[in-house]
Amino acid sequence: MTITNDSEFKAAIAKLTKAGQRQVGARFAESVLALCKDARVKHAIATAMRADITEEELAAALDSAKKASVDSFTLCGKECDWNSQAGHFVAEAALACLKSGTTPAWDAAMHARMARTSESIATGVGTDNAEAAVQYRILAEFMKD
Amino acid sequence: MNHLDLLTFARGSALNWALIIFVAGTVLRFFEIFGLSRKTDLARPRTDSPGSGWRTMLTRSIPPQGMLKREPVTYIAGYVFHLGLFLAIFFFAPHIEFFRSITGLSWFALPSALVDASVVAAIVALAVLLAHRLNNPVKRMLSGFGDYLAWTVTLLPLLTGYMAYHHLMFEYTLMLSLHIFSVELLLVLLPFTKLFHTFSVFVSRWYNGDFFGRKGVAS
Amino acid sequence: MKPKQMMDTSPGTVGEGLRQRGVTRREFLKFCTAMTGMLALPPSMAKVMAEAISKARRQSVIWLSFQECTGCTESITRSHSPTLETLIFDLISLDYHHTLQAASGAAAEHAREQAMKDNDGKYLLIVDGSIPMGNAGYSCIAGISNYDMLVETAKGAAAIVAVGTCATYGGIPKANPNPTGAVSVADIIKDKPIINVPGCPPIPVVMTGVLTHFLTFGSIPELDALGRPKAFYGETIHDRCYRRPFYDQGKFAETFDDEAARKGWCLFKLGCKGPVTYNACATTKWNEGTSFPIESGHGCIGCSEPNFWDAGPLYKALSMPVSATGSMLGAAAAAGAAAGVAVTWYNRSTKAQAKAAHAKVTVQELTREEK
Amino acid sequence: MSATLEKGLNAFKEVIDTPIASYFSSCVHCGLCAEACLFYNETGDPKYTPIHKLEPLRRVWKQEYTLLGKLGKMLGLSKPVTDEELTEWEPLVYDSCSMCGRCSLVCPVGNDITYMIRKMREGMSASGHAPEDMKGATKRAIEIGSPMGIKWPAVQAQIKHVQAETDIEVPVDKQGADYLVLMSSMEIINFPEYLSAISRIFKQAGVSWTLAPDAFEATNSGIQIGASDLAREIVSRIVVAAERLKVKCVISPECGHAFTAIRWEGPNLMGKPFGFEVKHILEVLDELHAAGKLKTRGKDKRPLTYHDPCQIARRGGVVEQPRRLLGEVAEDFREMPDAGVMNWCCGGGGGVSANSRAEPLRLEVFKVKKRQIESTGVHTLITACANCRIVMEEGLEHYHMKVEVLGLTELLAEYLVEGE
């Protein structure tokens, strides 16, 4: 199958199981992982991608993703560094796919896109929408498996 | 000078001067406060709380939620003291006569025993408040000479009044003179110490109530 | 009273005199018992007193009257037990008293001098009236100024009893502005024991009681700081007043003829000085124990207190200011306002200067200049 | 005296007005304000007593504006305010006061201590005694346009992201729109969900709104640092844009002090009443809800509680609105103890969160919020201030609490009935 826009993307995600959403969400996060230097995020994403994850592992991964997210928040009034803010959104993406939300994969995708947006703000180069296309591809491939 | 002469002086010249300083000082202090003026608030107020300033003058006497439990000594002793003092000042027959002679107004008096009890309560409350002031780290830090002075000159009229009524320490005429002198000391110091809150509390509460009221948090 | 007796300046014992006049021992004991009660002595003292007085020689008494109104003398003649009053006069030998003695002119003065000579160091001096220290001519007797007569007569006295508020504290003659420069006995005489029996006038039995005490013990009774016998002046009228309960309940007469006044409520608001007046009126009462001023519907005016006449208006409650008025306070407020306007003007110029000196804060200027 | 100290003292003299004179006259040193203050309550250190934080200002009042004080000053009996003293007071005035206003509501004599702290900061900032971080934020707000250094292109990037996500166009610079929507830097940086939620809700409600490239930032560091000259410059951007676009109402975002800055201080800073209304987003949402324009479906099953941001509730009067809105979407809404106007501050208001020096203290005083949340037993916390949100996220993480924090607008958008 091919996905060309967000409504198809959303519909496809909705068909996935909880675990499937987590795994694909983690792939979305992984796609922007280069923007994040936090080892905890990398580990959380790696855990989330696995199919054979236990409840304990899930909880531990959620915890470390959460920590990474909070640690990377830019506090009110502090000067924003968009590069590190991009890293924060990667952590948010990782956190989103591990959380028990209604649409974890969608949330992870949005955060991953924000990471790209942040990167584009930091560099001043417009690459934002490219991430959406990357995500359509990732999802399509995941669904093939 | 014998005791009756002392009493006559206390009721005469001393009282006149004390009252003059008290009245002039109070008026002066109000000028000092209101003379500084304030800018009109140009922000459109919320309309759901008219009269909040006036209401706050009274409602701020009620402890906000949770505060009574947090600081019971200050609240309870504070209430007892203020109420006791209020009853003693305004509802003891001889005192009403004093106000009548100056303002022409008079009202009902309470039986002496009741006034006596409220004075004892007020004195006890003052003692508790002093102990609290010395023991509570916040109060101790905030307190200076002015606070202990204000405490003393507030206690003295209560104490001398009680002692005069019960013929303690000195004979009545002398004690009554001392009572009046202590009131005069209080009158002279009131406008120029924190005791001025007797009046300014209503101004402060009005502003507070008005500020909050404009924002829709009326009391 | 009895000119013959009064001329006799070497009296016998009291017991002799009593028997002479047909007074029984029982009657005399009764008198002594009453006296011990009044002087707050134990009842057992009645017998001792009777013994002492009977054996005592009749006391020579000289009574000097200066700036006075004769009210004190009027008072002492109206004791509530006339027979006992007579008794009193039988106990003593009243050798000189303007109003009561029959003699006049040189003879009268001679009687005084004679008594002073015969009983030197032993006679009792009673004084009523104040002594003018201004012009000597304000008050003199037989060409002798009151001051000179007092000083001269006091010299040989065993003790002095000052009766009435004039003699004790200067009284009404001393009232502001004190035109005669009136002073009390104690202001002049410093080397004799003085018993003050103030009151305007004093209660008759209080006067006789003091004399009895002196006769019994040959000494003066226990006195308070103002020289008054504690037995009679130890408590205030207010504390012993039968209307006191009304005061405590807050029940007061507002005028002299209102319902409350008729009900006998407290007269405090009508200016009663009972709370600061030390006297025995409320217990001893006047006119054969009939009543006392408060019982008659008028507040105590504090006549037994020094300078009572100048202690504020008679009909203003004690808790009222003596002279403060609303208009005085109005003037004070005006003065405060005037000062307030000046201070406000000054404060506003301080604030205006601060405004004028305000340099717009820019982000560069958020940094502090180092000294 | 250094020139900066002179400027500071001059500012003190300038700001002292009738209410302040009345407040200082009324204080009886009862210490109850300390009991109302989270900084005192959680540390037990009496120096955090609110009225004590104003001591230098009080002395200037006494020495300059009272007869006795002036006499005392002339006779050399009173201690003048020095630079050293202001240095000592700086952490008290900035690090340990979030201007939450709780003391002002508790003071038995009615002293609005927060009002005085705000005024005192004028002199503190003028004399160079503001925390470095806050100076930096203010500098960025003036020079770049946002305390966090955000420029319009960053907002544009977010707009693009939101448009892609929601498939709704975000109106920009639309003349004659009813509402001018502002955002806080926090929402631009950390919470893109806000703009996305607004877009969806306003689309459904048929609201005409716009963003303005020259006035997207709602926050005002000038207010926090206490420099009215700078605060005026910042707020004037919004006024200019609102007047240019002829909007009827400016919407303050989920940010506490921004609401205070625009709604209450704005007209006074500009010296004229506004020709447009200023409302907090929750007020607007509540109005839409009342008008039947905000329809939701379903309810959140998680037990929820709501944290009243100080400037929105106690200092802003928006208390009932969030409760009514939550009533629509929350199945199990639980109030915290002291909720509403007596709520405890998150600890990061009034510029405290922007001040890294204050961080250990801020985390220390978060204990009160921890207790409040724990007593409700919930794991989801709703609020309406992005600053509170991040401060609480940090605090929750610090105390290892598994509680999720959400913005109320964002929560509402989750249950929005769309496309009907």
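Me: How many residues of chain D are in contact with chain B, and how many of chain B are involved?
Reply: 47 residues of chain D are in contact with 47 residues of chain B. In contact here means that the C-beta atoms of two residues, placed from the backbone, lie within 7 Å.

Me: What should I know about the model and the labels?
Reply: The model is predicted, with local features needing pLDDT of at least 70 and side-chain atom pairs counting only at pLDDT 80 or more, while totals for chains, interfaces and linings use all residues. Residues are numbered from 1 along each chain as its sequence is written, and chains are lettered from A and ligands numbered from 1 in the order in which they are written.

Me: Which chains share the most contacts?
Reply: Chains B and D, out of 4 pairs of chains in contact. Chain A doesn't touch chain B, and their nearest C-alpha atoms are 25 Å apart. Chain A doesn't touch chain C either, with nearest C-alpha atoms 15 Å apart.

Me: What is chain B built from, helices or strands?
Reply: Chain B has 11 helices and 0 strands. Its C-alpha atoms fill a box of roughly 65 × 35 × 35 Å along the principal axes.

Me: How much of chain B is buried?
Reply: 50% of its 219 residues. Buried means 20 or more other C-beta atoms within 10 Å of the residue's own, exposed means 12 or fewer, and partly exposed is in between, with C-beta atoms placed from the backbone.

Me: Switching to chain C. What does its domain assignment give?
Reply: Domain 1 (3–233) and domain 2 (237–310), with bounds that come from an automatic or database domain assignment. Their C-alpha centres lie 28 Å apart. In chain C, 17 residues of domain 1 are in contact with 15 residues of domain 2.

Me: Which helices supply the domain 1 side of that?
Reply: α9 (164–169), α11 (204–217) and α12 (230–233) of chain C each supply at least two residues. That side divides into 11 nonpolar, 4 polar and 2 charged residues.

Me: What is the strand order in the sheet of chain C?
Reply: β2-β1-β3-β7-β9 (chain C), an open sheet of 5 strands with parallel pairing. The edge strands, β2 (92–97) and β9 (194–197) of chain C, each pair on one side only. Two strands pair if DSSP finds at least two bridges between them. β7 (residues 157–163) and β9 of chain C pair over 4 bridges, and C:Ala162 stands opposite C:Asn196 in β9(C).

Me: Which strands does α8 of chain C touch?
Reply: Helix α8 (residues 146–155) packs on the sheet and touches β1 (59–65), β3 (123–128) and β7 of chain C, with its direction at about 170° to that of β1(C). α11(C) lies across β1, β2, β3, β7 and β9 of chain C, at about 160° to β9(C). Axes are lines fitted to C-alpha atoms, for helices over the stretch in contact, and angles run from 0 to 180 degrees between N-to-C directions.

Note on methods: Ala, Val, Leu, Ile, Met, Phe, Trp, Tyr, Cys and Pro count as nonpolar, Asp, Glu, Lys and Arg as charged, and the others, Gly among them, as polar.
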